[in-house]
Amino acid sequence: MTSVMEHPDYFLLDEGLTAQETQLRDAVRSFGNEHVLPVINEYWERAEFPEPILGPLAELGIIGGFIPGYGCPGLSRRAAGVVAREMGRIDGSVNTFLGVHSNLCMGTIYMLGNEEQRSRWLPEMAQLKRTGAFALTEPTHGSDSVSLETSARKEGDAWVLNGHKRWIGNGHAADVVTIFARDEADSQVKAFVLERQADGSYPEGYRPEVITGKVGKRSINQADIVIENLRIPSENRLADCSSFKDVNRLLRATRGGASSEAVGHGMAAFEIAAEYALNREQFGAPIGSYQLIQEKLATMLSDLTSMQLMCTRMAVLAEDGRLTDGMASLVKMTTSRKALSMCRQSRDILAGNGLLLENHIARHLTDMEVVSTYEGTDSMQALIVGRDITGTSAFTRTARR
């Protein structure tokens, strides 16, 4: 029971990891336990990002994820999944920072930029000397980001952007921001890179404001960004992005991260609940000795194991190039629902003590509320799977009178 509690891997799936992947898992765990866990609740309560962790995070050698070269590790799908899982197991905010900077922003530059652009930005970002953000989502375009309205107009040796972005992680503090806008000339989506100026300020026309009042992922700030006549040099337009199809190439390459993070939150939820059940006494005995609690723990472990199996198989299919949109959506839908349920169940087992940050489960619970929303809500994922089942898309339907 002790081994299941400490590292819940009931079907021994981690035995299939290579020595290098196991070393990577243990390094991320050690980083989290040493540098994140002791301080994260304080930063969470203040809604601040824990800047002191950036140095140790850079030393892990994971920045850049799947990107080969430029100081990046070129991780396999399985290794990248292990990183997201272990980060989520410690804290969702730190994992979101990593995903935004490493996978989305750096991934955009790598996949949609030319060689000069990759060499210009990626090496410093791989060392966390410069941090990144990914500006795609807009106030009225979340699930239908393909309909984005931010515009771009070519004027001489620059592009002029106008629009509004929202829920942009690190968008108020990043040194490098990839911005997606629709070209007024051909109505196609193009990608641009905004850079902070030498004095640390942003160019005129880029006005980010931190979104306040969040109840989840409080240690990573998201920005609401007004873009007004923002001029970006022509050399900062990413060369290989000419339509939203190219954006989708990037999103396909990075999918799976949210599902793996959900597994991490589920692992944490089970560990917290199981340990508490063995140590909390009521009516003269540990609550873990009662049938009701044992049934809850068994159900949680069952849900966790099914999530781990799905993510393990997803990584294999992705590595082989056989992962479909429907498969990825089924995994995201399932892991989001099960991990959120596990966090709620864990909080319930801790009862009133589950509301205290010092016991960590409240943070995982509210973080999972966020994971269930980003990279496609479980309802949107269900519609993608439903399209595979029925052959009919429910996304665009003619209005009925």
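**Helix packing around H9**

The crossing of helix H9 with helix H12 is left-handed. The model described here is a predicted one. In it, H9 spans residues 257–279 and H12 spans residues 361–371; their axes approach within 10 Å and cross at roughly 155°. Because angles over 145 degrees count as roughly antiparallel, H9 is roughly antiparallel to H12. On the H9 side, the contact is formed by Ala258, Glu261, Ala262, His265, Ala268, Ala269 and Ile272. H12 contributes Ile361, His364, Asp367, Met368 and Val371 to this contact.

Two packed helices are described by the angle between their axes and by the distance between those axes. The packing of helix H5 (residues 77–90) with H9 can be set out in these terms: the angle is about 40°, and the axes lie 7 Å apart. H5 and H9 are therefore oblique to each other. The crossing of H5 and H9 is right-handed, whereas that of H9 and H12 is left-handed. From H5, the residues in contact are Gly81, Ala84, Arg85, Glu86, Gly88 and Arg89. Their partners on H9 are Gly257, Ser260, Glu261, Val263, Gly264, His265, Met267, Ala268 and Glu271.

Tyr10, Phe11 and Leu309 make a nonpolar surface patch of about 330 Å². Of these residues, Tyr10 is located in the loop that runs between helix H1 (2–6) and helix H2 (19–36).

Note on methods: Residues numbered from 1 in each chain as written. Predicted model: local features only at pLDDT ≥ 70, side-chain atom pairs only at ≥ 80, totals over all residues. Heavy atoms only, no water. Patch = residues over 30% accessible without salt bridge, like charges linked within 9 Å, V, L, I, M, F, W, Y side chains within 5 Å. Areas by Shrake-Rupley, 256 points an atom, 1.4 Å probe, with all protein chains shown as cover. Salt bridge = Lys/Arg side-chain N within 4 Å of Asp/Glu carboxyl O. Helix = DSSP H or I, 4+ residues; strand = E, 2+ residues; numbered from the N terminus. Axes fitted to C-alpha atoms, helices over the stretch in contact; angles between N-to-C directions. Parallel < 35°, antiparallel > 145°, perpendicular 65-115°, else oblique. Left-handed = near helix turned anticlockwise from the far one by under 90°. Contact = heavy atoms within 4.5 Å.
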